[in-house]
Amino acid sequence: MSKDYEERIQELRSKMTLEEKIGQLQQCGPSLVGAFDVSFDELLNMMFDGRITKEEFDRLMGTAEQDYHEEDLRAGKIGSYNGIGDSAMANRLQKIAVEETRLGIPLLFGYDVIHGFRTVTPIPLAESCAWEPALWEKTGRVAAQEATAAGVHLTFAPMVDVAKDARWGRVSEGAGEDVLLNSDYGVAKVMGFQGDDLTKEDAMAACLKHFAAYGAGEAGRDYNRVDMSMQRLWEEYMPPYQACVDAGARAVMPAFNDINGVPCTVNSWLLRDILREKWGFNGLVISDSNAIAECVDHGIAKDKRDASKQAILAGMDMDMSSNSYIECLKELVESGEVPESVLDGAVDDVLRIKFELGLFDNPYQTDGQRESQAMLKDEYRAIAREAAVKSMVLLKNENQVLPLKADAKIGLFGSLAADKGQMTGAWAIGANPEDCVSIVDACEVRRISYRYSENGSDLLKIAVDSDVLVAAIGEKKEESGEAASRADIMVRQEDLALVRDLLATGKPVIVVLFNGRPLAIPELAEHVPAILEAWHPGVEAGPAILDVLFGDVNPSGKLTTTFPAATGQCPMYYAHINTGRPGGKSKFTSKYLDAPVEPLYPFGYGLSYTTYAYGDLKAEKKEDSLHVTVSVSNTGERDGEEIVQCYVQDVAAKRVRPVRQLKGYKKVGLKAGETKQAEFTIPYEELSYYDWNMNKVPCEGILRVYAGGDSRAELMEEIIL
Ligand code: BGC
């Protein structure tokens, strides 16, 4: 951080009035106004709860226009906008800020660029299954190039909430259940978004979220409480946030949830003691949408004024969408309840990120020409296809049903095979559904011999003429993501009925699953010969799926989230502890009467069109680290890439430790018949943990080291530390 900025910040802040300071902390989005006198959110509620009909809602929406609050902007009452992904509009508003406000402070434009802007890449959960930081960074760079061309300065990403409960809809937005993978994924995204120099026009500041432990909401219900031990919080949830801060993420979004009774929005331990004091963060802290006002509903603040006071004292710089600061801070500062120095600290953080992004020297970082040339370039589509292919996980392939022969005649079923708009998955607000290529589109382009039925009509006729039947089933995009928790993750009954009908024809059946979370698919796993987990793969969905089905690419993705066999097993994750009575056959063990102990598909699992064998596992003590080597051979007939995984178990520690913990992974390219060595260096520090009194203690005594192709790897070596 240049000292120069700090001086400029002080100088500028010294000229600001109280109102102008508070204005810098206000982020708003465009509001919809029309022939209705309630907010758009309330109108939506009215439709959902039946106070108005869908027809009435549509009629009112026909009268709606966007209100950009330009009068407030001119008066210096807005520091930032959310949700404007259009260079013309961004520049129009920026011009008002720069030319018509007293101090000419530029605006900061934030946007949810979660997995691509126009070139939508696979949902984060999918992309994490590639286990490839270089890919995560590359897709992050593409997202930044497009989004910044559309006027975006900051993205509300990456989400690095470790998520172990498949019922939670937002598992789709992160890198799954593992703490190491979430850290690596987050760091790669921060680097990709921000690039090597934030002042460059194609650099986009990263806002990591949701700090902290949003993924641990009770029962997988969105926004729900989080109550956990400090040991667990620090070992299993905090490392990815810290890794992103260390990697230079310039903004942080506190989570909606409370932790042990204190909502993150007003949690000074989290936002001051940990984030700023312990981790040395000096970037922008911006609330989640409306979260400051919602502290009243949480039951921690008596009104908006109280919530504003608690939030700013706790270290919340910017208010997203709740108008709490703009309405209450002036009085709070004037009455002395909030020291002006606290307000100044928040203002400094806002000005700092604006300086760092180069906005004072170059407020208009794009224009219509750059925007029109930046989107959906061929090279971006190629990267999206590569990411989609690498994200897919082959769950089952009996009798080598896959790959298909080039001249195979396909019977294709299910609306998801043709519905382009569903391919983006959750959180793709800059997307245009027309940009997506469906399986049906891709079959046309490749001149595949296929017949398609959306709902199974003509099933028998189509089946007779086909060599193989493909069912495209699973979830629509709104069935995962925010506010999309499910009490039942079982694949839907209509999909099962379709697959049963297909199986009854006696032809080989392939299921292509589209989903934003693990689905419980025990019946499919038992009866369907081949299952490809495609997730929501983005704009290049169709071509990527055909690449895998026809074997142009040998699948290599591995699950970063456990697939339970039944909803009642949730939360289910590989890094669990054993209990004193590990689940087993005898009665008094930790299990269910009506569901298996094991998952349907474990963490780390994924098949390929070739096979791999492991051997020669060695673990050796070095001065500061453990050195692990294992050999991996491609024992099949096709070239492939295998994701080699290394796990450890501390067998007798001061606190019970997980049965397995991922400590390293490597993607290894292997020609048919080839053998290579994979090496892992595990610093002892990464084996340490917290004792009962929250002291960090080293791992001592017996450590089991495992290596293999998934979290059930059996190859094991014991070492004494
Ligand atoms: C979500 C955030 C998102 C924000 C802004 C909220 O509802 O929780 O993840 O960044 O909206 O759109």
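## Helices, ligand and backbone

In this predicted model, the axes of helix H8 (residues 133-149) and helix H18 (residues 378-391) come within 10 Å of each other and cross at roughly 145°. Axes here are lines fitted to C-alpha atoms, for helices over the stretch in contact, with angles from 0 to 180 degrees between N-to-C directions. Helices (H or I, at least four residues) and strands (E, at least two) are DSSP runs, numbered from the N terminus. The crossing of H8 and H18 is left-handed, meaning that the near helix is turned anticlockwise from the far one by less than a right angle.

On the H8 side, the contact (heavy atoms within 4.5 Å) is made by Leu 135, Lys 138, Thr 139, Val 142, Gln 145 and Glu 146, and H18 brings Tyr 380, Ile 383, Glu 386, Ala 387 and Lys 390. By type, the residues of this contact divide into 5 nonpolar, 2 polar and 4 charged. In this scheme Ala, Val, Leu, Ile, Met, Phe, Trp, Tyr, Cys and Pro count as nonpolar, Asp, Glu, Lys and Arg as charged, and the others, Gly among them, as polar.

The table lists polar contacts, pairs of N or O atoms within 3.5 Å.

| Side chain | Ligand atom | Distance |
|---|---|---|
| Asp 112 | oxygen | 2.5 Å |
| Asp 288 | oxygen | 2.7 Å |
| Glu 482 | oxygen | 2.8 Å |

The protein covers 91% of the 310 Å² of accessible area that the ligand has on its own, by the Shrake-Rupley method with a 1.4 Å probe.

Finally, the backbone. The peptide bond from Phe 211 to Ala 212 is cis, with omega near 10°. Ala 212 sits in the loop between strand E7 (205-211) and helix H10 (230-237). That loop between E7 and H10 also holds Tyr 223, which has a positive phi of about 70° although it is not a glycine. Another cis peptide bond runs from Cys 570 to Pro 571, with omega near -5°, and Pro 571 lies in the loop between helix H23 (541-549) and strand E19 (612-621).

Residues are numbered from 1 along each chain as its sequence is written, and side-chain values use heavy atoms, with hydrogens and water left out. Local features need pLDDT of at least 70 and side-chain atom pairs count only at pLDDT 80 or more, while totals for chains, interfaces and linings use all residues.

Notes: A polar contact is a pair of N or O atoms within 3.5 Å; within protein, one must be able to donate a hydrogen and the other to accept it, and residues adjacent in sequence count only if both atoms are side-chain atoms.
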